[in-house]
Amino acid sequence: MELMGNKYYRHCRVVFGVTSSPFLLVSVIQYLLESTLKELNGNPKYKVDIIEQLKKSFYVDNCLASVKNERELQQFIQIASDTLATRKLELRGWEYSDTTDNSSSTTNVLGMVWERCSDYLCLNATNITYDLPGILSKREILATIHKAFDPLGIACPVTLIPELLL
């Protein structure tokens with residue numbers, strides 16, 4: 001496109017590595033799911049419910065969802081994968097808790113450790129307490145608090161106490 005001798009260019013893809021990339025990715029996914037819901041106007045109700053759940057389950061490029069049983073899990077995986085595959089987005093790396101599995105497998109989820117067989121989340125504090133000096137300053141307390149990546153706010157009761165001290 002040319003206007004009075006000037007050339008204008010536009011991106012046709014989501015650019016990764018720039019500051020706005022997480023926002024752009026979330027916006028694209030939300031737009032995709034909203035347009036899919038509009039297209040489904042009269043289709044089966046369970047599909048609309050699953051897409052609504054999928055829409056609420058994203059944190060940047062991670063999808064975290066909860067379902068009641070194995071049948072709902074398979075439906076969620078199938079519909080979510082098919083919906084995003086129509087726009088060339090691939091969901092992969094599916095993990096779920098299984099009470100019959102006794103192996104102690106853990107997975108990192110949004111900066112936390114998820115124990116899959118017992119289905120609980122915990123904060124990995126080893127990297128937080130490892131570098132503490134003998135005498136703490138306000139700056140070191142604040143830096144230590146912010147080492148805990150907790151977008152879900154699960155560790156707020158623990159991190160609130162040092163913040164209140166400051």
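Predicted model: local features only at pLDDT ≥ 70, side-chain atom pairs only at ≥ 80, totals over all residues.
L54 shows how the packing is made up: leaving out residues up to four places away in sequence, L54 touches L33, C63, F76, A80 and L84. In soluble globular proteins, nonpolar side chains tend to be buried together.

Helix α3 covers residues 70–85. The N-terminal end of α3 is capped by N69, which has a side-chain oxygen 3.3 Å from the backbone nitrogen of R71. Along α3 the buried residues are L73, F76, I77, I79, A80, S81, T83 and L84. Of these, F76, A80 and L84 are among the residues that L54 touches.

S57 sits in the loop between α2 and β3 (58–59). S57 has a relative accessible area of 7%, under the 20% limit, and therefore counts as buried. Its side chain reaches back to the backbone oxygen of Q53, at 2.6 Å. Apart from neighbours within four places in sequence, S57 is in contact with N62, C63, L64 and A65. C63 is also one of the residues touched by L54.

Side chains of opposite charge can pair when their charged atoms come close. A search of the whole structure finds two salt bridges. In one, E34 pairs with K55, and the closest N and O atoms are 2.1 Å apart. E34 belongs to helix α1 and K55 to helix α2, so this pair ties together parts that are 21 residues apart in sequence.

R87 lies in the loop between α3 and β5, and E39 in helix α1, so that the pair links distant parts of the chain, 48 residues apart. R87 is partly exposed, with a relative accessibility of 37%. E39 has 56% and counts as exposed.

The remaining part to follow is a set of strands. Strand β5 (residues 106–109) pairs with β6 in the antiparallel sense over four bridges, and N108 stands opposite V113 in β6. Two residues lie between the strands in the hairpin of β5 and β6, where L110 takes a positive phi near 50 degrees. On to the next strand, β6 and β7 (residues 120–123) run antiparallel and are joined by four bridges. Here M112 stands opposite L123 in β7. The hairpin of β6 and β7 has four residues between the strands, and D119 takes a positive phi near 60 degrees.

In a regular strand the side chains alternate between the two faces of the sheet. In β6 (residues 112–115), M112 and W114 point to one side and V113 and E115 to the other. These four residues are all buried, and both faces of β6 are covered.

Conventions
Residues numbered from 1 in each chain as written. Heavy atoms only, no water. Buried < 20%, exposed > 50% of the residue type's maximum accessible area, 1.4 Å probe, protein only. Pairing = 2+ DSSP bridges. Expected span 1.5 Å × (residues − 1). Polar contact = N/O pair within 3.5 Å; in protein donor to acceptor, adjacent residues only side chain to side chain. Contact = heavy atoms within 4.5 Å. Salt bridge = Lys/Arg side-chain N within 4 Å of Asp/Glu carboxyl O.
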